[in-house]
Amino acid sequence: MFAITPNTLSNFMISLSRYIILLSLALISVSIFLIIFLENDYYQGISFKIMFIHVPTAWLSLAIFLVMGISSIIGLIFKSPTAFTVARSLSPIGLIMSIIVLVTGSIWGNLTWGAYWVWDARLTSMLILAFIYLGHILLLHSFEHFQKADFAASILAIIGLVNLPIVKFSVDWWTTLHQESSVLRMGGPSMTNDYLITLLVSFFGIFMLTIFWFSNIFYIIVEKRKMERSILLND
Amino acid sequence: MRIIKLNSQIKKRFIFLLIIFACFSASIFLISYSLKDQIAYFVEPTDLKSMDGIENKYLRVGGLVKTNSLKFLDGKWIFEVVDQNQNSVNVVFSKTLPNLVEENKGIIVEGKFIDNIFIAEIVLAKHDENYMPQSAIDKLKEEGKWRGN
C-alpha cells in the first residue's frame, strides 16, 4: 500500500477522471432540478434551500481535513511521498470548501437568525478550520525544498486534527446559535425523506467534483516535479 | 508489494507524533474546559437563578418565546423567554424583530436586566434542526402525531 508511487496514483486517477466528472455533472444537475422543485420548509420558507450547498460543503471540508491529517501521519511515519502529495493537493480544495461554508452560512444566518456573523462555538471553530487550511497552504509555499515544506505542513495538519471534533460536536458541548446536526446524529435524520435524498444527491455530486479536482491538482504537482527533475538532469 | 518492517525508526516517529498530538489535544481540552462559560453563547432562564450580580450585566439569554406572550405595546415588543423547566424572563425590545421570531420558537436576546426586566438590544431567531414541508405537517396532524403549534 505504501509502495504506490505518486506517478502510479496520478495516472490511475487521470484515467478515471472523465467518468468522475461526467458522474459529478449528472448528479449536480439532478440535485439542482430536485432543489428547484422541492417544497419549502414550513418555518424558514425558501431560505432553507441554501442548506443543500451549505451542508455538503461543510461535510467535505471536515472530511478533506481528516484525509489530509491521516495522510500526513502516514507520510511522516513511513516517509511516503505519495501521502505527502495527497495532503499537499487537498488543502486548496479544503480552503475553498470552508470559504463556501462560511459564505453560504452567513447568507443563511442573515435570512433566518437576523445576523451575518456571531462568535458562537460552531462558527468560530469553522473559521479556525479555514485558517488552518490557509496556514497549511502558506507553509507549503514558504520553503525552498518541498521535502521540508511537507514536513512542516504535516505537523500543522496533525495538530489541526484536534479541531475536527470541536467543529463537529461544538453544537452539542456548548450552547450555540447554530442549530444541531440534522443527519449525522443519534436517533436518525430530522428531516423528511425528500429533503434527505436531495441532500445526499447534492453531496455525492460535490464529492465527485472534489475527487475530480483533487486528481487534477495531484497530476499537475507530479508532472511539475518530473519536469523540474528533467531540467536539473539536463543542466 | 513491499513488506512493511516496523523498525525502530518508524516506531520512534510514531511515538514522537503521538506525544505531539496528545500534548496538544490535552492543552486544547484544558483551555476549552476552563473557558466553558465564555464559549457558551447564551444562558437559559434556569441558569440565571444560580447566578449572582446579573443586574446591569451584559448577557445573552436563550429559550423559546412563550405562547400568547408576544405583544406590541407603545412601540415596543414585549414577550417572555421560557425554557424547558418553565422558568421565564420578561423581555422588552424596541427595534424590529427578525422575521422568524414566532411564539413557541427559539430566540436569543442580548442585553441587560434593569429592575428584573430584560432590556434587549439585539434579538436573534434560533431555528432548530428539523426541516419539513407544510404537507408533511398536515399529514402528521391528520394522524394526530403532530406535537408543535
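Student: Among contacts in chain B between residues at least 6 apart in sequence, what share join residues at least 24 apart?
Tutor: This is a predicted model, where local features need pLDDT of at least 70 and side-chain atom pairs 80 or more, while totals for chains, interfaces and linings use all residues. Residues are numbered from 1 along each chain as its sequence is written, with chains lettered from A and ligands numbered from 1 in the order written. Two residues are in contact if their C-beta atoms, placed from the backbone, lie within 7 Å. Among the chain B contacts you describe, the share is 47%.

Student: How many helices and strands does chain B have?
Tutor: Helices (DSSP H or I, at least four residues) and strands (E, at least two) are runs numbered from the N terminus. Chain B runs α-α-α-β-β-β-β-β-β-α from that end. The count for chain B is 4 helices and 6 strands.

Student: Is chain B a compact globule or more spread out?
Tutor: The radius of gyration is taken over C-alpha atoms, and the globule rule is 2.2 Å times the number of residues to the power 0.38. For the 149 residues of chain B the rule gives 15 Å, but the radius of gyration is 24 Å, well over that, so compared with a compact globule chain B is more spread out.

Student: What percentage of chain B is buried?
Tutor: A residue is buried if 20 or more other C-beta atoms, placed from the backbone, lie within 10 Å of its own. Of the 149 residues in chain B, the buried part is 19%.

Student: Which element gives the largest share of the side of chain B that touches chain A?
Tutor: The contact takes 34 residues from chain A and 35 residues from chain B. On the chain B side, α1 (8-34), α2 (36-39), β6 (117-126) and α4 (134-143) each supply at least two residues. The largest share, 9 residues, comes from α1(B).

Student: Now chain A: what is its radius of gyration?
Tutor: Chain A has 7 helices and 0 strands. The globule rule gives 18 Å for its 235 residues, and chain A comes close to this, so it is as compact as a globular protein of that length; its radius of gyration is 20 Å.

Student: How do α2(A) and α5(A) lie to each other, oblique or roughly parallel?
Tutor: Helix α2 (residues 51-78) and helix α5 (residues 146-160) of chain A pack at about 130°, their axes 8 Å apart. Axes are lines fitted to C-alpha atoms over the stretch in contact, and angles run from 0 to 180 degrees between N-to-C directions. Angles under 35 degrees count as roughly parallel, over 145 as roughly antiparallel, 65 to 115 as roughly perpendicular and the rest as oblique. That angle therefore makes α2(A), relative to α5(A), oblique.

Note on methods
Buried ≥ 20, exposed ≤ 12 C-beta atoms within 10 Å, placed from the backbone.
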